[in-house]
Structure formats: C-alpha cells, structure tokens
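Let's take a friendly walk through a protein model, one part after another. Have the picture ready and follow along.

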Amino acid sequence: MRNYILVINPGSTSTKVAIFKGTENLKQKNLLHSAEEISKFEKIADQYEYRKQSILSWLNEEGISTKEIAAVVGRGGLLKPMPGGTYKVTDALVKDSQIGIQGEHASNLGAIIAKSIADEEGIEAFIVDPVAVDEFEDISRISGLPELPRRSLVHALNIKAVSRRIAKKMNKNIEDVNFVVAHLGGGISVAAVKGGRIIDTNNANEGGPFSPERAGGLPVGDIIKLSYSGQYTYKELKKKIIGKAGLVGYLGTNDARDVEKMIENGDEKAKLIFEAMCYQIGKDIGSYAASLCGKVDRIILTGGLAHSKRLCEYIKSMVDFIAPVEIVAGEDEMQSLSEGAYRVITGEEKAKIYEEEVKA
Ligand SMILES: Nc1ncnc2c1ncn2[C@@H]1O[C@H](COP(=O)(O)OP(=O)(O)O)[C@@H](O)[C@H]1O
Ligand SMILES: CCCC(=O)OP(=O)(O)O
C-alpha cells in the first residue's frame with residue numbers, strides 16, 4: 001500500500017529527509033555529509049549516487065520500503081527562471097538540474113534524486129517553489145549593465161510558506177497583503193512579497209547583506225581588481241565569496257551562537273561584525289519596503305538566525321517604524337515540500353510542467 005510521501009532537501013553539508021503521511025511528518029533525519037566526503041566530488045551533480053544511497057540506507061534503517069511511497073518531492077534548484085508552485089519532475093527539468101543552468105548549488109540534487117527513486121517505483125516526483133522562482137517585475141531586472149540583469153535566486157520555499165502562514169494568522173487572503181520577508185540562514189534573502197509574489201529580492205548567493213558564510217554585495221571595482229590580482233583562481237574566489245566570507249571570513253565560524261558567546265565574553269570585534277550583519281539586513285528591509293511604496297503589512301524575520309534574540313532586537317529597532325515585525329524562527333521547508341506534493345496528489349492543485357512555464 002503506497003501511503004507515504006518521501007521528502008528530500010539537499011543542503012551544502014547535509015541532506016534532510018522525511019517521511020510524511022498526508023501532511024503529518026512521521027520521521028525526519030538530517031543525513032550529514034562530511035567535508036572530506038563531499039570534497040571528493042568535482043561537481044555538485046556528481047554527488048547524486050552517494051546522496052541517493054544515503055537516503056535509501058536511511059529508509060532501510062527505518063524499515064520503510066520504497067513500495068510504500070506514493071510520491072517523492074525534492075527541493076528544486078537553480079533551474080531556468082520560473083513561476084512558483086509545484087512542478088512535476090520531467091526529463092527536461094532533470095537535465096537542467098544536472099547542468100546547473102543558473103549555477104551550482106546542492107538544491108540542484110533534489111529533483112535528480114527524487115526522479116530517480118520515483119522512476120524505479122513507477123510513481124511521480126515533484127519539486128515545490130524552487131530557488132529559481134522568478135516573479136520579478138520588469139523594473140527589478142535592471143542592474144545598470146545591460147549584459148548583467150538582476151536575477152531572482154531566492155529562498156522561495158520558506159518565504160512563500162511563512163507568507164501564507166502569517167496571512168492566515170491575520171485572517172487575510174495572501175493576495176491582499178504585502179510583506180517584506182527576510183530569510184536569515186546560511187544564505188540570506190530579503191524579499192518584497194506583494195500579494196504572495198516575490199517581486200524583488202537580492203541574489204542570495206551573490207548579493208544582499210553578508211551572511212554567516214557569504215560575502216553579499218561587494219564593491220564592484222575592488223572585486224574586479226581582486227579577480228585579476230593573480231591571488232586566486234576563479235574557483236577559489238567563488239568558494240571564498242560563497243563559503244568563506246561573512247561571519248566565517250571575519251570570525252572563523254558560521255555559527256551565530258558561537259559569535260553571541262564571543263560577544264558575551266567581551267569580544268568587541270565579534271560585536272561589531274554581528275551588528276554589521278544585522279545593520280545590513282535592516283537596511284535591505286528598508287529598501288524592499290520602498291519597493292512596496294511603504295505599503296507593508298508585516299515584516300517577517302525567519303530562518304535559523306531568527307532564533308537569535310539579539311539579532312531580532314537589533315533589526316526590529318531599525319525597521320519597526322515601517323510595520324509590525326513577526327518572527328518565525330527556523331524554517332518549514334520539509335512541511336512545505338510535503339504540502340506542495342500533497343496538494344497535487346489530492347487534486348487540490350495541478351502540477352506545473354517546467355517546459356511549459358519557462359522561457360526558451
Ligand atoms: N538558537 C539559535 N540562536 C542563534 N543562531 C542560531 C540558532 N539556531 C541556529 N542559528 C544560526 O542560524 C544559522 C543557520 O541557519 P539555517 O536556517 O539553519 O541555515 P541553512 O538551512 O541555510 O543551513 C547559523 O548561523 C546558526 O548558527
Ligand atoms: C541560492 C539561493 C538559495 C540558498 O542560498 O540556499 P541555502 O541558504 O540553503 O544555501
């Protein structure tokens with residue numbers, strides 16, 4: 001009897017897996033991948049077989065047969081720019097995930113692994129609100145250099161889920177409310193969400209505030225100089241900006257809890273850097289409030305960093321003149337993935353087809 005939905009959420013150092021029955025989370029595990037293990041692979045897509053086997057072993061340990069799974073749902077990656085929603089994983093979607101059409105990121109593995117497990121069982125695979133969700137208004141795409149348009153690469157899954165949750169709490173339809181949502185995790189997205197659509201955001205990999213691991217927006221002239229300095233290869237500089245910058249670059253840790261301990265022990269540098277991160281987040285919230293012409297019903301702080309009282313208080317003191325601030329600490333990605341698949345399985349929503357939705 002096929003009763004379960006298998007949920008797969010690949011991150012840079014772990015793969016979160018869960019088994020849902022309907023919308024109830026029955027079992028969840030964070031399968032950790034050591035830096036040593038991951039570094040053996042040249043490209044992210046090469047990790048496919050290794051991560052798939054970890055998932056199958058976990059199912060085995062839990063005594064769950066793949067014959068009990070009705071559908072598989074994965075986090076969607078850096079595909080072609082696409083509208084939000086639940087998508088059936090087609091061959092074209094898998095191909096673009098393998099290529100990493102907008103870049104390399106662990107989320108590209110979600111669709112690849114989901115489809116492979118689903119195909120072996122003759123069932124369907126889905127992704128929900130992938131990182132490549134693009135609902136930008138035309139004006140948001142203009143960067144100042146015609147060759148380099150601004151791109152929407154964003155924590156769409158959690159941003160849309162918390163937006164739905166807060167709209168419900170306000171007894172409002174999502175179409176009738178505007179939010180500025182800051183997803184504050186390993187990467188940071190600050191987004192203007194107008195009636196449920198993400199109409200503008202920073203690129204969470206390459207712009208916006210600096211984050212626990214990422215540099216965020218950098219002075220353009222200086223980064224060109226650094227690129228040609230001979231100090232770094234292309235790969236080294238990319239890795240530095242995405243994984244060895246932000247809190248890691250200044251303080252040697254990506255764990256905000258460690259930084260808070262340093263501050264409590266009187267470390268002035270740690271205080272300055274932590275507050276600079278909060279300050280940059282606050283400034284971007286103000287900027288996206290302006291994108292919404294100040295018509296902001298709520299500011300929402302979410303992601304792992306939103307567990308930090310110090311961080312939330314700092315940002316609140318900067319932005320609560322704009323709108324009331326809601327804190328949704330952590331993220332609801334596994335639940336949101338399962339719900340996206342469930343809405344399709346139960347016929348409440350029709351799965352979108354990638355090839356029909358994306359521009360050629
Ligand atoms: N209770 C907490 N207090 C302060 N910071 C926290 C807490 N829990 C998690 N964090 C921080 O949140 C960040 C990770 O956020 P998370 O949303 O889990 O990221 P990702 O899913 O992108 O890896 C880390 O810097 C971590 O230290
Ligand atoms: C590339 C945007 C998505 C992102 O940054 O995700 P993580 O924070 O999970 O790396």
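An axis here is a line fitted to C-alpha atoms, for a helix over the stretch in contact, and angles run from 0 to 180 degrees between N-to-C directions. Keep in mind that this model is predicted.

Look for helix α2 (residues 48-61) and helix α4 (residues 108-121): their axes come within 10 Å and cross at roughly 60°. This angle makes α2 oblique to α4. The crossing of these two helices is right-handed. On the α2 side, Y48, R51, K52 and I55 make the contact, while α4 brings L109, I112, I113, S116 and I117. Sorted by class, the residues of this contact are 6 nonpolar, 1 polar and 2 charged.

**Two domains**

Now step back to the whole protein chain, which is divided into domain 1 (4-135 + 334-357) and domain 2 (170-330). How far apart do the C-alpha centres of domain 1 and domain 2 lie? They lie 26 Å apart.

**Two ligands**

Around ligand 1 there are 15 residues, of which G185, G186, G304, H307 and S308 come nearest. The residues around ligand 2 include G11, S12, H105, G185, G186 and N205. Its shell draws at least three residues from each of domain 1 and domain 2. Here are the two shells by class:

| Shell | Nonpolar | Polar | Charged |
|---|---|---|---|
| Ligand 2 | 3 residues | 8 residues | no residues |

Definitions and conventions:
Residues are numbered from 1 along each chain as its sequence is written. Chains are lettered from A and ligands numbered from 1 in the order in which they are written. This is a predicted model: local features need pLDDT of at least 70, side-chain atom pairs count only at pLDDT 80 or more; totals for chains, interfaces and linings use all residues. Helices (H or I, at least four residues) and strands (E, at least two) are DSSP runs, numbered from the N terminus. Angles under 35 degrees count as roughly parallel, over 145 as roughly antiparallel, 65 to 115 as roughly perpendicular and the rest as oblique. A crossing is left-handed if the near helix is turned anticlockwise from the far one by less than a right angle, and right-handed if clockwise. Two residues are in contact if their C-beta atoms, placed from the backbone, lie within 7 Å. Ala, Val, Leu, Ile, Met, Phe, Trp, Tyr, Cys and Pro count as nonpolar, Asp, Glu, Lys and Arg as charged, and the others, Gly among them, as polar. A residue is near a molecule or strand if its C-beta atom, placed from the backbone, lies within 6 Å of it. Domain bounds come from an automatic or database domain assignment.
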